[in-house]
Amino acid sequence: MDTDVLIVGAGPTGLTVAHELRLAGASAVVVDRLSRGSELSKAGGVQSRTQEAFDQRGLLEPLLATGNHPAGLAHFGGIHLPLTKDRHRFPWRSIPQVVVEGFLEKTLAGQGIHVRRDHELTGLEQDADGVTAFFADGTAIRARYLVAADGGRSTVRSLLRAEFPGQAGTSTVIAADLRLSGVEQTMTHRWNDEGDWVHLFPLGTDPAGRPMLRLAMGGPGRARPREVPITEDEIRDGLRAVFGLGVRLLELRYARRITNAARQAAQYRHGRVFLAGDAAHVHLPLGAQGMNTGIQDALNLGWKLGAAVRGQAADGLLDSYHAERHAVGAAVLRNVQAQSLLMDWEGTRAPEVTATRELFTALAKLPEVQHQLDDLLSGMGIRYTLPGVEGQPLAGLPAPDLDLVLDRGPARVNELLRSGRGLLLDPADALGKVADLWSDRVDRVVGGTEPMLVRPDGYVGWAGGVDSTGDGLEAAFGRWFGEPLLAILSGR
């Protein structure tokens, strides 16, 4: 074997998988067909749950230190959700994908993992022991497992002939990063009576300290094939149609056409090959949910592959990647398609679309509706359906980032997960006998308000009541962390 895991694609998803594998003690090789990293900003923000995950790895502070990344308010289909402000420890932040990619690649390089560029994948073979990838330059790489993180037009998915059902794109709109004058540097969604529309949100500042905006723009008759270049005059015409003559284009930094295609791979696992990120699901980039969902795919998959490489994965652990993440991806596609309808993506100004938006805008004034939508968009409401823990209120949810007072001093749950190991909170100091069996891969701390077993990806795999005696805990340990150390040593 050349490596434990070969990762095809050096975007945020692939780089996050590599970071998780390194933390798990597994070797990884990252390849990409491009000769250098993309300079396109692409996705524009990092949601609350992704920031929590980065905090659980000690990555959030240095990521935020890379520049001016302002916090923003949530929106659903351009409808503001102001009551969601400060609901989570980490609010939505405007951090372009290019910044996230550059940060992760630099971090991995500091750990000895360098992206191998100019590697164009041309062939793939797998057998009972591993996967062999073949490249255009005649080289090959052999690995135990392969992760396809090579985007919406995934070569790996094509070579697998994997089913990718869904809706083909029917229209395009413009997405651009630019500087404007004559408009507020805040989130704005506006349209005219003819159906032309513009959506803006702040992207922070450029190196000269000037405010940048992300623009999405469309309307009737404005769709063009994706390959048609976008001109400054086209941008100016769209702005003029919505804002009049008062808004000026000062600089166009980047622009591309995006479609409303919505597709999801039928299976995320194909033997020893796993699809993640845009290789597994594509949809409109509303709320940066493509990048954030891909990073969450990586966090779910990385520790499980690490356990498999170490020989500590329970039966079914790798299959749980599809079981957990496919449902999440499907939910993202549904909410993005709903947002597309509310935004009147194609500029139809159809009476039924207008009526639906007006009704939804009224409903969205209710706090409970805003909070529900915020949980949906931020990733904080994701709950995995886990076996054996039915009726446990916290099981399957992200672990609360509790402030703990331990013998060694104060600590947060997120900080205790930075080892990449599992974590058992044992407030009554009553569960040590069980926990000791898995002490080589799970940390136990005496603290918290109620006992809970937290997986390496920060999700609760088991939770007991305040007076819990640990019913079901040993089974949960085995489900998420494999056979206990003594059983492995004795050959049981």
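Two strands count as paired if DSSP finds at least two bridges between them. Keep that in mind as we walk through this structure, which is a predicted model.

**Two hairpins around β11**

Let's begin with strand β10 (residues 188-191), which is joined to β11 by four bridges, the two running antiparallel. Within this pair, His 189 stands opposite His 199 of β11. Five residues lie between the strands of this hairpin, and Gly 195 has a positive phi near 100 degrees.

Strand β11 (residues 197-205) also pairs with β12 (residues 211-218), again in the antiparallel sense. Here Trp 197 faces Gly 218 of β12. The hairpin of β11 and β12 has five residues between its strands too, with Gly 209 at a positive phi near 85 degrees.

Is β11 mostly covered or mostly open? Seven of its nine residues are buried, so β11 is mostly covered, where buried means under 20% relative accessible area.

Here are the antiparallel pairs side by side:

| Strand pair | Bridges | Residues opposite each other |
|---|---|---|
| β10 and β11 | four bridges | His 189 and His 199 |
| β11 and β12 | seven bridges | Trp 197 and Gly 218 |
| β14 and β17 | two bridges | Gln 264 and His 281 |

**A sheet with a helix on it**

The last pair in the table belongs to an open sheet of three strands, in the order β8-β14-β17, with antiparallel pairing. Its edge strands are β8 (166-167) and β17 (281-282), each of which pairs on one side only. Helix α8 (residues 319-342) packs on this sheet and touches β8, β14 and β17. The direction of α8 makes about 175 degrees with that of β14.

In soluble globular proteins, nonpolar side chains tend to be buried together. In this model, the largest nonpolar core has 61 residues, and Leu 6, Ile 7, Leu 146 and Leu 305 have the most contacts inside it. Which helix gives the most to this core? That is α7 (residues 289-310), with seven residues. A second, separate core has 22 residues, among them Leu 317 and Val 442.

Ile 7 touches residues including Val 17, Leu 21, Val 30 and Val 147, leaving aside those up to four places away in sequence.

**Where α2 meets α7**

Helix α7 also has a partner in α2 (residues 48-55): their axes come within 9 Å and cross at roughly 40 degrees. The two helices are therefore oblique to each other, and α2 passes α7 in a left-handed crossing. Among the residues making the contact are Arg 49 and Phe 54 of α2, and Asn 292 and Leu 299 of α7.

Conventions: Residues numbered from 1 in each chain as written. Predicted model: local features only at pLDDT ≥ 70, side-chain atom pairs only at ≥ 80, totals over all residues. Heavy atoms only, no water. Contact = heavy atoms within 4.5 Å. Axes fitted to C-alpha atoms, helices over the stretch in contact; angles between N-to-C directions. Core = buried A, V, L, I, M, F, W, Y, C linked by side-chain atoms within 4.5 Å. Buried < 20%, exposed > 50% of the residue type's maximum accessible area, 1.4 Å probe, protein only. Parallel < 35°, antiparallel > 145°, perpendicular 65-115°, else oblique. Left-handed = near helix turned anticlockwise from the far one by under 90°.
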